Amino acid sequence: MAKPRHVSRRRTSRRQFLRGSAGIGAGVAFFGAAAASLGVGAAMFGKRKLAEQPQVVVLPNGAQLPQSTPPANDPVVVSRQRWGALPVDHSARNEYGHYRKGSNPEGWYVYSDDLRRSYQTLIIHHSAFYKAGGLDTLLEIQRLHRDERGWADIGYHFLIDQRGTTYAGRDLSVRGAHTAGYNTGSAGICLMGDFRTRGPTAAQMAAARALIRWLVERLAPTHLAGHQQFNAGTECPGRQLIANLKDLADRAGLQYGIEGFVPVARAEACGCGCCACAATL
Ligand SMILES: [Zn+2]
């Protein structure tokens, strides 16, 4: 089923967007979109009224998409079951057990609040290698994250192969493991390949745009950045992909980079206030 678009017949403020259903504007937007998708709009509002007030799509930064832009559908995501993901391992050595404030800050952390209030940013990665195909690469990433990094599950929330196939990684309700010190509140998206010397495919970028647009609606993040912008010691996601990130952010109405990033959820999760103590937080 298609997720409701953020559609409004009047301009919706950034704050209303970020707070989701807290704003009357967002409530109207949600209902308007849902009603339209169910075909009940005409019955509720009257055909003439809807026709006189064309719908606009409002992005998080307040920008409005052209009216001709077609509504986004859910991206097609290959489920964990379909690609053969291994189950979560709560005995993992470096992401052991469940999170407990103070005593186990690096454990498996499930967001307790609405996800729209739990996420601030989308962080883009590359896998730095590409095997014969997307599935082989995906399985190797899972192995690396579990066996070598000692994490309970694959660290990224989504992965996209070079044919543009998007795979479900770690559940979105759980903190990822992909950007040291900045995982809480950040959704990790990995484009599979090594983009230090060559760029992603057109199909990969199209899939990334669709996924990001859907995540903007679902999570209401404010920022999009590359891994390297948070962790200066890594080349991830590679120069050739970094060159595309501002465009990705602009198209989604997100602020590019980390300037203005406010990691409130990270501080809450850690409990120590500094967040420099745990590599996976
Ligand atoms: Zn990375």
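## Close-up views of a predicted model

View 1. A220 counts as buried because 22 C-beta neighbours lie inside 10 Å; a residue is called buried if 20 or more other C-beta atoms lie within 10 Å of its own, exposed if 12 or fewer, and partly exposed in between, with the C-beta atoms placed from the backbone. The model is predicted, and local features need a pLDDT of at least 70, while side-chain atom pairs count only at pLDDT 80 or more and totals for chains, interfaces and linings use all residues. Residues are numbered from 1 along each chain as its sequence is written. A220 is found in the loop between helix 8 and strand 9, where helices (H or I, at least four residues) and strands (E, at least two) are DSSP runs numbered from the N terminus. The phi of A220 is near 50°, a positive value in a residue other than glycine. Most residues other than glycine have a negative phi.

View 2. Helix 8 covers residues 202-219, and its 18 residues should span 26 Å at 1.5 Å a residue, which agrees with the 25 Å between its end C-alpha atoms; the expected span is 1.5 Å times one less than the number of residues. The buried residues of helix 8 include Q204, A207, A208, L211 and I212, and also R213, W214, L215, V216, E217 and L219. These buried residues pack against helix 6 (115-118), strand 5 (121-126), strand 6 (158-160), strand 7 (166-168), strand 8 (186-191) and helix 10 (239-252).

**View 3. Helix 10 and its bend.** The 14 residues of helix 10 reach 21 Å from the first C-alpha to the last, close to the 20 Å expected at 1.5 Å a residue. At L245 helix 10 bends by about 30°, the bend being the angle between axes fitted to the seven residues ending there and the seven starting there. L245 is also one of the buried residues of helix 10, which include L241, I242, N244, L248, A249 and A252 as well. Among the elements that cover these buried residues are helix 8, strand 9 (223-226), helix 9 (227-230) and strand 10 (255-256). Helix 10 is followed by G253, whose phi is positive, near 75°.

View 4. C236 and P237 are joined by a cis peptide bond, with omega about 5°, and P237 is found in the loop between helix 9 and helix 10. Most peptide bonds are trans.

View 5. A128 lies in the loop between strand 5 and helix 7 (134-148), and its phi is positive, about 70°, although A128 is not a glycine. Because A128 has 17 C-beta neighbours inside 10 Å, it counts as partly exposed.

**View 6. R80, in helix 5.** R80 belongs to helix 5 (residues 80-83) and, with 19 C-beta neighbours inside 10 Å, counts as partly exposed. Leaving aside neighbours within four places in sequence, R80 is in contact with A85 and A168, two residues being in contact if their C-beta atoms, placed from the backbone, lie within 7 Å. R80 and R170 are 90 residues apart in sequence, while their C-alpha atoms are 8.7 Å apart in space.

**View 7. The whole protein, for orientation.** The protein has 11 helices and 10 strands, and buried residues make up 40% of its 281 residues. Of the contacts in the protein with a separation of 6 or more, 70% are accounted for by residues 24 or more positions apart.
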